[in-house]
Amino acid sequence: MNWTWFHKLASPPHFYRLAGRMTPWFGWPAFLLIVVGLYGGLVLAPPDYQQGDAFRIVYVHAPSAWMSMFIYATMAVAAAIGLIWRIKLAHAVAAAAAPVGAWFAFAALATGSLWGKPMWGTWWVWDARLTSELILLFLYLGFIALRASIDDRERADRACAVLAIVGVINLPIIHYSVYWWNTLHQGSTITKFGKPSMPFDMLWPLLAMFLGFTLYFGAVLLTRLRGEVIRRERDASWLREELAR
Amino acid sequence: MNLAGFLAMGGYAVYVWPSFGLTLILLIHNVRAARRYHASAREQALRRIDSSRKQV
């Protein structure tokens, strides 16, 4: 296999320019999908026969929870690549992803709580799904704090990579918690084998939100990464030329 | 469908609207924070280049 494309992608000047050109291709579809998904979820989808209109919280809750896990996986894979092949750009990806993932974990917990109060009668229970998602938030915060506490960037990269990789164990725990333990949190509706247990007029806005949030993360990550690349390459000659333009 | 009925969310307005509001605020915040992060990195790098030119 020819790996030149990969080396080219990992070269900071090439990546910096490419990321700038790619951002709108993620950002605009994300914006449109989220607007359409919000309209579909809030207006077009019928109220649930049991939960009434409270069920609509799922349109922001489930995509946030998905993102919190997807971003963590991205971060851990990037950290592993950085650690194994010593690619600085991969560490930059992990560093840029962490704050975004932390906010999504927070959003998943907060919107879940706002749904739990009217539906379960409580803001919070120490149920396996909720607890493991809270641990995910703490993993993100730990990653960010660890990075901030080490001045030497390469040491920070390596230490954070180890933390991110060890924390991956939490992802299957979150996903399977609703099967392994007798949780208050309901089981999967979409991410399971077979037909999703949701009618199409409720399902499509949710899928639009999932895709919209994922593309949104792409756009935000690319923008953060450009900042990250500049900070890491501040003495490189290409940067002078690039910024002088 | 009337607007008041829509806003009432079948009696769940106090749970539904804060959920959507909070999520939208976070979405906007992440974009703005990312742009600020990139812009501040640029400015710092430019200042660094500027000061190194003066020394020469």
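Reply: Let's begin with α3(A), which has 28 residues and reaches 40 Å from its first C-alpha to its last, close to the 40 Å expected at 1.5 Å a residue. That expected span is 1.5 Å times one less than the number of residues in the helix. Helices here are DSSP runs of H or I with at least four residues, strands are runs of E with at least two, and both are numbered from the N terminus. Just after α3(A), A:R86 takes a positive phi of about 55°.

Before going further, some notes on reading the model. This is a predicted model, in which local features need pLDDT of at least 70, side-chain atom pairs count only at pLDDT 80 or more, and totals for chains, interfaces and linings use all residues. Residues are numbered from 1 along each chain as its sequence is written, while chains are lettered from A and ligands numbered from 1 in the order in which they are written. The predictor gives the complex an ipTM of 0.91 and a pTM of 0.93. Chain B averages a pLDDT (the predictor's confidence in each residue, from 0 to 100) of 91, and 95% of its residues score at least 70.

Now to the surroundings of α3(A). The buried residues of α5(A) pack against α3, α4, α6 and α7 (170–180) of chain A. A residue is buried if 20 or more other C-beta atoms lie within 10 Å of its own, exposed if 12 or fewer, and partly exposed in between, with C-beta atoms placed from the backbone. In α5(A), the buried residues include A:L130, A:E133, A:L136 and A:Y140. A:A145 also belongs to helix α5 of chain A, but A:A145 is exposed, since 12 other C-beta atoms lie within 10 Å.

Two residues are in contact if their C-beta atoms, placed from the backbone, lie within 7 Å.

That brings us to the partner chain. The contact takes 30 residues from chain A and 24 residues from chain B. On the side of chain A, α3, α4, α8 and α9 (237–244) each give two or more residues, and α4(A) gives the most, with 9 residues.

Chain B itself has 2 helices and 0 strands. Along its principal axes, its C-alpha trace spans about 70 × 20 × 10 Å. Within helix α1 (residues 3–8) of chain B sits B:A8, which counts as partly exposed, with 13 C-beta neighbours inside 10 Å. From B:A8 to B:Y37 the separation is 29 residues in sequence and 39 Å in space, C-alpha to C-alpha.
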